[in-house]
Amino acid sequence: MNRTTLSLIAGTAALAAVTGFATLNEPKGAGAEDPAKAAAVLPVERSSLLCPAPSTSDIAQTSYTSFTPVTKGTAGDGTAELAAATAASADPADDTSDKDKKKDGTGGTGKTGDTDKAGKDGKDGKGGKKAEKSVVTPKEPGTPASGDADGGESPALVGTAEGKFAPGWTVQETTEVAAGSGRGLLGVTCTPADTEFWFPGASTAADRTDYVHLTNPDDSAAVADIELYGKDGALQTTVGEGITVPPHSSEPILLSTLTDAKEDDLTVHVNVRGGRVGAAVQALDDKLGGDWLAAATDPAPDLVVPGIPKDATAVRLVVYAPGDADADLKIQLASPSGLITPAGHETVHVKGGMTTAVDLGDVTRGEAGSIVLTPTDRSVPVVAAVRVLRGKGGNQESAFIPASAPVGTRASAADNTAKGSTLSLTAPKGTAKVKVTASAGSEGGTAASKTYTIKSGTTQDVELPVPAGLKGTFALTVEPLTGTPVYAARTLAATEEGVPGFTIQTLPDDRGTVEVPRADENMAVLQK
């Protein structure tokens, strides 16, 4: 009995530490007086991330920056690898079916796929999968590590971190494209695989070329449906159903091959019915540059879009209401002085199953800001994002910010420089204290920290701590010190030939810890 009990507890704890989301609920009446005694918070032991193929431009320059914050209680050793996601299965059952081969002149789905540099079938000639070299080799937690890839043939990447590198592991993919469609600074935070994604803000307009990148990290094929919703509702398309993503591969799917409709504002819904994938939208504009559109947080009646740059010249809000119910939302801007309502844009009505867009103009008026959406009456879940423009005339550049989950316990953003990075913090529901740590530099320096007070209903572009003796890039780690929800976004900026290139990433919780049952408490429960 004792041996079985201990094995069950140890097994549950190990599963939770590896997956990062496993929990064990106690029976009613057991430990109900103090739930905190029933669980311990431990660092995860394994994390996985997926990075989309960065660009098809021959002049693209891409950097990958890996960072793990220092976490108490981690193992003394560990590894972190980020390597090409190359197809490794020769099983005909894993091949894309004829139904999925959408005719776009290439016989494919409007997608280029990944090129396996090791061989046509991704194998070593002996029936085994060829080992892929890691693009980035981390040194120690608390110190970023970088790797580079140039040109338009860089593949999607699959990463795994274990042991001391797992808790809070983050990877930033940043690409500079000097000219052509989608030129500018494109950035995305690599994400875990999942089964559902929402992307408000995509487009099939004539001057836009938008791709949905699907990356499958697993040994079996994944099957996904891509649904498109415009101003009048769902767009008719059959080619978005049952798209097969082979094992260990990535598929960039051109949205304009899924529908003939030309829509300025679309919401893309990716639903994975078999397996799991990583997903991101690459939005390329002929005149306004390009950037990655990351998945928005799950549908909710209250949303926050953090970190709109103070010099934004145009802000376009895109909202979609899943289901049949209409949503009426109040639009507010969390400014440095508090919550304000944009003149002429006090509310927005979103019909159920339809995408609505609102031009807010230069809503920030030279000050830091975040969009706060709340229901005016009944609560209806929605998803949202904004497209931001900086610059004027022919020197404009675009970026996207999806509605984000709060920072939670901790979140990090890598690939920062002393002059090119801005961190925005907002606390829409109450005053919050926040600790921000700048890591050691990737090539030298000493970490530095500052604590800030963010007043209720405000957004602050905080003065960043800079590592002493900084060499290379550094990471920023945000840790709220009070229970008030805090939202964060980081902007990277680089001006080239008068064009203000920029990219913005939100900072949701890094899921670096997990609750696992305490052996002493659950021993008592199981022995009763």
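The dialogue below goes through confidence, a sheet, the nonpolar cores and a disulfide in a predicted model.

Reader: What is the mean pLDDT of the protein, and how many of its residues reach 70 or more?

Author: Where pLDDT is low, the predicted coordinates should not be read in detail. In this model the mean pLDDT is 85, and 82% of the residues reach 70 or more. Over residues 87–129, however, pLDDT stays under 50, although the model has 81 contacts beyond four places in sequence for this stretch. Residues 521–528 also have a pLDDT below 50, and beyond near neighbours in sequence they have 18 contacts in the model.

Reader: In which order do the strands of the open sheet lie, and is their pairing parallel or antiparallel?

Author: Strands of a sheet pair through backbone hydrogen bonds, and they may do so either parallel or antiparallel. Here four strands form an open sheet in the order β23-β19-β25-β26, and the pairing is antiparallel. The edges are β23 (355–361) and β26 (397–402), each of which pairs on one side only. On average, neighbouring strands of this sheet are turned by 20 degrees against each other, direction ignored.

Reader: How many bridges join β19 to β23, and which residue stands opposite L317?

Author: Strand β19, residues 314–320, is joined to β23 by six bridges, and the two run antiparallel. Within this pairing, L317 has V358 of β23 opposite.

Reader: Which residues does L317 touch, and which members of the largest nonpolar core touch the most other members?

Author: Leaving aside residues up to four places away in sequence, L317 touches I331, T356, A357, V358, L360, L373, A384, A385 and V386. The largest nonpolar core has 30 residues, of which L317, V319, I371, L373 and V386 touch the most other members. Strand β20 (residues 327–335) gives this core its largest share, four residues. Apart from this core lies another, of 26 residues, among them F199, L228, V245 and L258.

Reader: Which cysteines form a disulfide, and where in the chain do they lie?

Author: A disulfide is a covalent bond between the sulfur atoms of two cysteines. In this model the count comes to one disulfide, formed by C51 and C190 with their sulfur atoms 2.0 Å apart. The link is right-handed, with 110 degrees about the S-S bond. The pair links distant parts of the chain, 139 residues apart, since C51 lies in strand β2 (residues 46–51) and C190 in the loop between β8 (184–189) and β9 (196–202).

Reader: Are C51 and C190 buried or exposed?

Author: The cut-off for buried is under 20% relative accessible area. C51 has 0% and is therefore buried, and C190, at 4%, counts as buried too.

Terms used
Residues are numbered from 1 along each chain as its sequence is written. This is a predicted model: local features need pLDDT of at least 70, side-chain atom pairs count only at pLDDT 80 or more; totals for chains, interfaces and linings use all residues. Side-chain values use heavy atoms; hydrogens and water are left out. Two strands pair if DSSP finds at least two bridges between them. Axes are lines fitted to C-alpha atoms, for helices over the stretch in contact, and angles run from 0 to 180 degrees between N-to-C directions. A nonpolar core is a set of buried Ala, Val, Leu, Ile, Met, Phe, Trp, Tyr and Cys residues joined through side-chain atoms within 4.5 Å. Buried means under 20% relative accessible area, exposed over 50%, partly exposed in between (1.4 Å probe, protein chains only). Contact means heavy atoms within 4.5 Å. A disulfide is a pair of cysteine sulfur atoms within 2.5 Å. pLDDT is the predictor's confidence in each residue, from 0 to 100.
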